[in-house]
Amino acid sequence: MKAAVRMVTRSQSRATGFGSLGNGEEPPPPGNREVAAEERKKHRPVKRQRKVQKLHVAYEASDGEKNEGTDPLEVTVWEPRDWKQELANIRTMRSRKDAPVDQLGAEHCYDSSAPPKVRRYQVLLALMLSSQTKDQVTAGAMQRLRARGLTVDSILQTDDNTLGKLIYPVGFWRTKVKFIKQTSAILQQHYNGDIPASLSELVALPGVGPKMAHLAMAVAWGIVSGIAVDTHVHRIANRLRWTKRMTRSPEETRIALEEWLPRELWSEVNGLLVGFGQQICLPVHPRCQTCLNKTLCPSAQSF
Ligand code: SF4
């Protein structure tokens, strides 16, 4: 509609310039101003809205269903008010990349000289060890395991007691010994010693949760399948109100974030927020006074 109005204005402008009416007629002689005005009225171009041919889209609401004044093709997606600035601030605070996750995260614990499927197995194992465990502790356990040659076969040949000693003191180490053995046996039997390349198959493995599966897909296979949400991402997303309503679990937070966060940021957000949670937005006594988001964050006053 704007284009049509602009077109009319231009033709009016032409009509008043250079002494022509724009329709081929000569201007009236001076002294006959009233007559000239009448003539101009008669020849004034009629404003007409350009008819736009409308395509019918199968999922469009019918005329009766439409809300007046709304564009039927526009979908309103909720997003947090200041998230872009808050994200930019977090990027600035994380620019030194000196948080534990940056050097010791599960994606840094595998042997880069090992064959691809061994590397992928080591990534998965590091992720399994990392839950409820500090990055430094996970990295230490991975170092001890790798010193013995860390493959599916080597783990299956290691007795539970020895494996427990190697991974101690990772969180829930006894349970993890059991899960690592079960998962390794499945990988040997069904995946030729490799790890599966789909999210559904990964989460079906004993001891592998959604966060680990999404990270394994990203690190081992280079596929972004979703946002990896751990306790840091879960806590910070809620403090910044990056979820429409408060969420009670990392999985709920993942779903809430994926509803609005642009997909191209999904792989970045985990590492960014985990490190931010390790250094500034700590679980207890967050360092709000040094945080660049302190004037934007709805939770800053609470501490
Ligand atoms: S202001 Fe405090 S609670 Fe908010 S993001 Fe920063 S550190 Fe976290």
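The side chain of Asp82 makes a polar contact with the side chain of Arg81, at 3.3 Å. A polar contact here is a pair of N or O atoms within 3.5 Å; within protein, one must be able to donate a hydrogen and the other to accept it, and residues adjacent in sequence count only if both atoms are side-chain atoms. This is a predicted model, where local features need pLDDT of at least 70 and side-chain atom pairs count only at pLDDT 80 or more, while totals for chains, interfaces and linings use all residues. Residues are numbered from 1 along each chain as its sequence is written, and side-chain values use heavy atoms, with hydrogens and water left out.

Back to Asp82: look for this residue in the loop between helix H2 (33-43) and helix H3 (83-93). Helices are DSSP runs of H or I with at least four residues, numbered from the N terminus. Asp82 and Leu296 are 214 residues apart in sequence, yet their C-alpha atoms sit 7.2 Å apart in space.

Now the aromatic rings. There are 4 aromatic pairs in the structure. Rings of Phe, Tyr and Trp (its six-membered ring) pair if their centres lie within 6.5 Å; planes under 30 degrees apart count as stacked, over 60 as edge-to-face and the rest as tilted. Here are two edge-to-face pairs:

| Pair | Centre to centre | Angle between planes |
|---|---|---|
| Trp83 and Trp260 | 5.0 Å | 65° |
| Tyr168 and Trp173 | 5.5 Å | 90° |

Trp83 lies in helix H3 and Trp260 in the loop between H13 and H14, so this pair ties together parts that are 177 residues apart in sequence. Tyr168 is partly exposed at 47% relative accessible area, and Trp173 is partly exposed at 25%. Trp83 and Trp260 also belong to one aromatic cluster with Trp78 and Trp242.

What about helix H12? Of the 9 residues in H12 (residues 231-239), 8 are buried, so the helix is largely enclosed by the rest of the structure. Among the buried ones are His232, His234, Arg235 and Arg239. The buried residues of H12 pack against helix H13 (250-258) and helix H14 (266-279), with contact meaning heavy atoms within 4.5 Å. At the start of H12, a side-chain oxygen of Asp230 comes within 3.1 Å of the backbone nitrogen of His232. Just after H12, Arg241 takes a positive phi of about 60°.

Definitions and conventions
Helix = DSSP H or I, 4+ residues; strand = E, 2+ residues; numbered from the N terminus. Buried < 20%, exposed > 50% of the residue type's maximum accessible area, 1.4 Å probe, protein only.
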